[in-house]
Amino acid sequence: MYPTRVVRFFVRAGTAAAVAVLLAGGAVAQAQPGAAAAEVAGVWIDHTGQGAVEIAPCGNRVCGRVVWLKNPEHKSVSGKRICGTQVLGDLRKEGRNLWDSGWIYNPEDEERFSAALELANADTLRVTGYLGFKLLGETFTWKRATTSLESCVAGTPAR
């Protein structure tokens, strides 16, 4: 909810209408928790073409997990299975085509970074992983899967 100080400022300034707009906007955002993830949801081929991540709503945020690998037996440096691993989490919708304040996990090296997603168009997703500052991060381009992929997760279609 909006901080009480902001509401008091608008009331003191005589702009009660602005308060109503702020509160109404908050109610709409809270009423549709899964709607924030609708545009980015789906299966995305990573920048290497070697794997695919299914992005889906997780409450009012988005998450992603590996659902397809060119080599389904591919493992991390410590020998852990990569398929099915959650690699995106806690990404919050920040703008029309932007999700931020989340994390991305590199399952090969078993490292976790801060993350942001930007939907460039319906089929192109810019994925940024960074430590501290986005400017020092690295951005990769993922493409939406246009054909059905055979899931590497037992009993789950990759779509």
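Strands β6 and β7 pair in the antiparallel sense over seven bridges, and a hairpin of two residues joins β6 to β7. In this predicted model, the two strands belong to a closed barrel of eight strands that runs β1-β2-β3-β4-β5-β6-β7-β8 with antiparallel pairing. From one strand to the next, the twist averages 35 degrees. The mean pLDDT of the protein is 80, and 73% of its residues reach 70 or more.

**Confidence**

- Over residues 1–36 the pLDDT is below 50, and this stretch has 20 contacts in the model beyond near neighbours in sequence.
- Where pLDDT is low, the predicted coordinates should not be read in detail.

**Strand pairing in the barrel**

- Strand β1, which covers residues 42–45, pairs with β2 in the antiparallel sense over four bridges, and Ile45 has Ala52 in β2 as its bridge partner.
- Strands β5 and β6 run antiparallel and are joined by seven bridges; the bridge partner of Gly102 is Ala115 in β6.
- The β5 and β6 strands form a hairpin with four residues between them, and in the turn Glu110 has a positive phi of about 60 degrees.
- In the pairing of β6 with β7, the bridge partner of Leu117 is Val127 in β7.

**Nonpolar cores**

- The largest nonpolar core has 22 residues, of which Ile55, Leu88, Leu117 and Leu125 touch the most other members.
- At least two residues of this core are supplied by each of β2 (51–58), β3 (61–69), β4 (86–95), β5 (98–106), β6 (111–121) and β7 (124–130).
- A second, separate core consists of five residues, among them Val43, Ala52, Val67 and Trp68; Ala52 is also the residue in β2 that bridges to Ile45.
- When residues up to four places away in sequence are not counted, Leu125 touches Val40, Trp44, Ile55, Leu117, Glu118, Leu119, Phe140, Thr141 and Trp142. This list includes Ile55 and Leu117, which are named with Leu125 among the residues that touch the most other members of the largest core.

**Disulfides**

- Cys58 counts as partly exposed because its relative accessibility is 35%, whereas Cys63, with a relative accessible area of 14%, is buried.
- The other disulfide is formed by Cys83 and Cys152, whose sulfur atoms are 1.7 Å apart; with 95 degrees about the S-S bond, this link is right-handed.
- Cys83 lies in the loop between β3 and β4, and Cys152 lies in the segment after β8 (138–144), so the pair ties together parts that are 69 residues apart in sequence. Both Cys83 and Cys152 are buried.

**Lys70 in the loop between β3 and β4**

- Lys70 is placed in the loop between β3 and β4, the loop in which Cys83 also lies.
- With a relative accessibility of 56%, Lys70 counts as exposed, because the cut-off for that class is over 50%.
- Leaving aside neighbours within four places in sequence, Lys70 is in contact with Gly49 and Gln50. Computed along the sequence Lys70 and Gln50 are 20 residues apart, while in space the C-alpha to C-alpha distance is 5.1 Å.

How values were computed
Residues numbered from 1 in each chain as written. Predicted model: local features only at pLDDT ≥ 70, side-chain atom pairs only at ≥ 80, totals over all residues. Heavy atoms only, no water. Core = buried A, V, L, I, M, F, W, Y, C linked by side-chain atoms within 4.5 Å. Buried < 20%, exposed > 50% of the residue type's maximum accessible area, 1.4 Å probe, protein only. Contact = heavy atoms within 4.5 Å. Pairing = 2+ DSSP bridges. Axes fitted to C-alpha atoms, helices over the stretch in contact; angles between N-to-C directions. pLDDT = per-residue confidence, 0-100. Disulfide = S-S within 2.5 Å.
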